[in-house]
Amino acid sequence: HPESFRFVTWVALSCYLCLILGVIWSSDRALEITDEAYYLLSAIHPEEILLYISAQHWILGPLWKLTESLQGFRLTGAMILIGTSGILGLGAVRMLGQLTDFKLSALETLSVVAASGVGALLYVATIAPSPSYNLLASSGAYAAAGLAFLAIRRRGLLSSIGFSFGAGLFLAICFVNKPSAGICSA
């Protein structure tokens, strides 16, 4: 029913907006001194990490240099989550169109992207969105799956190859940050 779908669309968009505003509002408050402190230290001093289960410091170091503040670092992590979950949402819409005759309007597509973002931002319920191996592995998996969905049955060979290449790059990011997640995502 179109009315119920419209209602769900507005609920998804409202939740998404509230979550984004909440992340922005809380981005300069407090410091989680166990996990987040470790992520910050590995971002600020990546050269000090000689051996670890992941190579997250290869990505965290440049992200810290880009922001050089706790708030900026957290907001960068949130933007990574939001952006990659958006790619997953768009890929899901594309697959829905490939598998059925059901076509979504622009607003309905936006609601799927918003719902995907709400799911991704559940990450923030446990820890601040500072980039970390878990955040980057999750984001890599979101984007890899979304781009793989976007590549399927494309009319243009170059766009299909481009989306597939992008999926491979994001899968590599997932693997570099958390090898077990990269293997599972592949």
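Which residue follows α6 and has a positive phi? That residue is R153, with a phi near 55 degrees. The structure discussed here is a predicted model. This briefing considers its nonpolar core, several of its helices and a few individual residues.

**The nonpolar core**

- The largest nonpolar core holds 21 residues, and F73 and L81 touch the most other members.
- The elements that each contribute two or more residues to this core are α1, α2, α3, α4, α5 and α6.
- Among the elements, α1 gives the most to this core, namely four residues.
- In soluble globular proteins, nonpolar side chains tend to be buried together.
- F73 lies in helix α4 and is buried, because its relative accessible area is 0%, where buried means under 20%.
- Leaving out residues up to four places away in sequence, F73 touches L40, A43, L60, L63, W64, T67, P129, S130 and P131.
- One of these contacts, S130, stands 57 residues from F73 along the chain, yet the C-alpha atoms of the two are separated by 5.8 Å.
- L81, when residues up to four places away in sequence are not counted, touches A120, L121, Y123, L135, S139 and Y142.

**Helices α2 and α3**

- Helix α2 covers residues 35–44 and helix α3 covers residues 57–67; their axes come within 7 Å and cross at roughly 80 degrees.
- Angles of 65 to 115 degrees count as roughly perpendicular, and α2 and α3 are therefore roughly perpendicular to each other.
- On the α2 side of this contact are Y39, L40, S42, A43 and I44, which meet H57, L60, G61 and W64 of α3.
- The residues of the contact of α2 with α3 comprise six nonpolar and three polar residues, with no charged ones.
- Within α2, the buried residues are E36, A37, Y39, L40, S42 and A43.
- These buried residues of α2 pack against α3, α4 and α6.

- Helix α5 has 16 residues, which at 1.5 Å a residue should span 22 Å; the end C-alpha atoms of α5 are 22 Å apart, so the two values agree.
- Eight positions may be examined in α5 as its buried residues: T109, S111, V113, A114, S116, G117, A120 and L121.
- Helix α6 runs over residues 133–151, and its 19 residues should span 27 Å at 1.5 Å a residue; the end C-alpha atoms of α6 are 26 Å apart, which agrees.
- The buried residues in α6 are Y133, L135, L136, A137, S139, G140, A143, A144, G146, L147, L150 and A151.
- An α-helix has 3.6 residues a turn, so residues three or four places apart point the same way.
- The cover over the buried residues of α6 includes α2, α3, α4, α7 and α8.

**Individual residues in helices**

- Apart from neighbours within four places in sequence, T9 is in contact with L107, E108 and S111.
- L96 is located in helix α4 and counts as partly exposed, because its relative accessibility is 31%.
- With neighbours within four places in sequence left aside, L96 is in contact with F102 and L104.
- L96 and A37 are 59 residues apart in sequence, and their C-alpha atoms are 41 Å apart in space.

**A loop residue with positive phi**

- Where does E68 lie? E68 is found in the loop between α3 and α4.
- E68 is not a glycine, although its phi is positive, at about 50 degrees.
- E68 counts as exposed because its relative accessibility is 55%, the cut-off for exposed being over 50%.

Methods:
Residues numbered from 1 in each chain as written. Predicted model: local features only at pLDDT ≥ 70, side-chain atom pairs only at ≥ 80, totals over all residues. Heavy atoms only, no water. Axes fitted to C-alpha atoms, helices over the stretch in contact; angles between N-to-C directions. Parallel < 35°, antiparallel > 145°, perpendicular 65-115°, else oblique. Contact = heavy atoms within 4.5 Å. Nonpolar A, V, L, I, M, F, W, Y, C, P; charged D, E, K, R; others polar. Expected span 1.5 Å × (residues − 1). Buried < 20%, exposed > 50% of the residue type's maximum accessible area, 1.4 Å probe, protein only. Core = buried A, V, L, I, M, F, W, Y, C linked by side-chain atoms within 4.5 Å.
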